[in-house]
Amino acid sequence: MSGFTSLDHQFMGRAIVLARRGLFTTDPNPRVGCVLVRDGEIVGEGYHVRAGEGHAEVNALREAGDNARGATAYVTLEPCSHFGRTPPCADTLVSAGVARMVCAMVDPNPSVAGRGIERLRQAGVQVASGLMEREARGLNPGFIKRMEQGLPFVRVKLAMSVDGRTAMASGESQWITGPEARSDVQRLRARSSAILTGVDSVLIDDSSLTVRSQELALDWPEDSVVRQPLRVVLDSDLRLPVGAKILHQPGRTLIVTRSADADKADALRHAGAEVVCQSGTGRVDLRAVLEHLAVSEQCNELLVECGATLAGAFVETGLVDELNLYMAPKLLGSQARPLLELPLQRMAQQIPLELTDIRHLGADLRLDWRVLESAGEVQG
């Protein structure tokens, strides 16, 4: 965007780096960084660490002290203008005597957007926005989508062989990928608000769906990862046994069902689960699940880890934002299980993808694909 100097880009880039430090901890709040600059020198910087604690601006002002007066504040997201668990950051910046504020993007919350900027302008602070907006939006895809569309950002994670197979015909699948790829999955889990799976996957693997911080392989402080994402199991007929490992882990487990069996539901609640029952019969309504997670659970980013049938249903309903495919340098053969159950019949039904990232993880590759359009609306 025109009107910004190379130093503006440099300091906003630093604010974005700071914001990334909150990747695993700020949920359900956005990841935000702030840098305070006076006479060309950084006098204070900070980032939002976790919900309920000081916002990025407050932490940067605390470090700057009196040097904040007359400074420029570079913030990755428009300063808040409302009272929540902390006071409005726009008012705090005004009180500190900041002379200029540059924000990368306007707050996507329609009930808040622009009010922080207006508050600063009314107080005589010079304000500019839009610097490095693409990079700033990349920090918070889930928060932005929840504010703009009332849905979480949905990632579907799948591991496959070069020939697109996920497991042998028997269901045996451990391990297709190597330890580096599995550590990377832990990082995907750690940044997610919730992890969703189907009951069949739990019955086969007896998985825990937890974040194992010792596998994250990060240089960040150990206390950066203290939150276990909400675990969500789609279980239309309440087949999940009360002894399943997923029910006996730190954090919460939510079961979504269409079963009217009150005894089964009570047994699962007694085992530690929360049970939500949808009306109707058949498979659960996937869009309704996402709406519930966004509204009732403030879920920003949802990681779907499941089998081919449920993964295909998510794609077919047009609810997937990103596919994270881990590809191992192996062939499993034509009898092995496919990546997705996606019953497309004609070329006109093909679903185009855009490759957004590719990286080596040991011997494996991770390919991130943005889903460009859906094959049509159906219920999951």
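Which residues of helix 2 meet which residues of helix 3? In helix 2, E57, V58 and L61 meet C89, T92, L93 and A96 of helix 3, where contact means heavy atoms within 4.5 Å.

## Basis of the report

This is a predicted model, in which local features need pLDDT of at least 70 and side-chain atom pairs count only at pLDDT 80 or more, while totals for chains, interfaces and linings use all residues. Residues are numbered from 1 along each chain as its sequence is written, and side-chain values use heavy atoms, with hydrogens and water left out.

Helices (H or I, at least four residues) and strands (E, at least two) are DSSP runs, numbered from the N terminus.

## Helices 2 and 3

The axes of helix 2 (residues 56-64) and helix 3 (residues 89-96) come within 9 Å and cross at roughly 20°. Axes are lines fitted to C-alpha atoms, for helices over the stretch in contact, and angles run from 0 to 180 degrees between N-to-C directions. Helix 2 and helix 3 are therefore roughly parallel to each other; angles under 35 degrees count as roughly parallel, over 145 as roughly antiparallel, 65 to 115 as roughly perpendicular and the rest as oblique.

An open sheet of mixed pairing is formed by 9 strands in the order 11-10-9-8-12-6-13-16-15; two strands pair if DSSP finds at least two bridges between them. Strand 11 (274-277) and strand 15 (353-361) stand at the edges with a single partner strand each, so one side of each lacks a neighbour in the sheet. On average, neighbouring strands of this sheet are turned by 20° against each other, direction ignored.

Strand 8 (residues 194-198) has 5 of its 5 residues buried, so it is largely enclosed by the rest of the structure. Buried means under 20% relative accessible area, exposed over 50%, and partly exposed in between (1.4 Å probe, protein chains only). A194, L196 and G198 are buried on one side of strand 8, and I195 and T197 on the other. Strand 8 runs parallel to strand 9 (residues 230-234), joined by 5 bridges, and parallel to strand 12, joined by 3 bridges. L196 has V232 as its bridge partner in strand 9 and stands opposite V304 in strand 12.

Strand 12 (residues 301-305) also pairs with strand 6 (residues 153-161), in the parallel sense over 5 bridges. Here L302 of strand 12 is the bridge partner of V154.

Helix 6 (residues 141-149) lies across strand 6 and strand 12, running at about 135° to strand 6. Of its 9 residues, 7 are buried, so helix 6 is largely enclosed by the rest of the structure. The buried residues of helix 6 pack against helix 5 (133-139), strand 6, helix 7 (179-191), helix 10 (286-296) and strand 12. G150, which follows helix 6, has a positive phi near 70°.

In helix 1 (residues 6-20), the buried residues are D8, F11, M12, G13, A15, I16, L18 and A19. Their cover includes strand 1 (33-38), strand 2 (41-47), strand 3 (72-75), strand 4 (100-103) and helix 5.

## Backbone features in loops

A cis peptide bond joins D27 and P28, with omega about 5°. P28 lies in the loop between helix 1 and strand 1.

L238, in the loop between strand 9 and strand 10 (253-257), has a positive phi near 55° although it is not glycine. At 3% relative accessibility, L238 counts as buried. Q298 lies in the loop between helix 10 and strand 12 and has a positive phi of about 50°. At 40% relative accessibility, Q298 counts as partly exposed.
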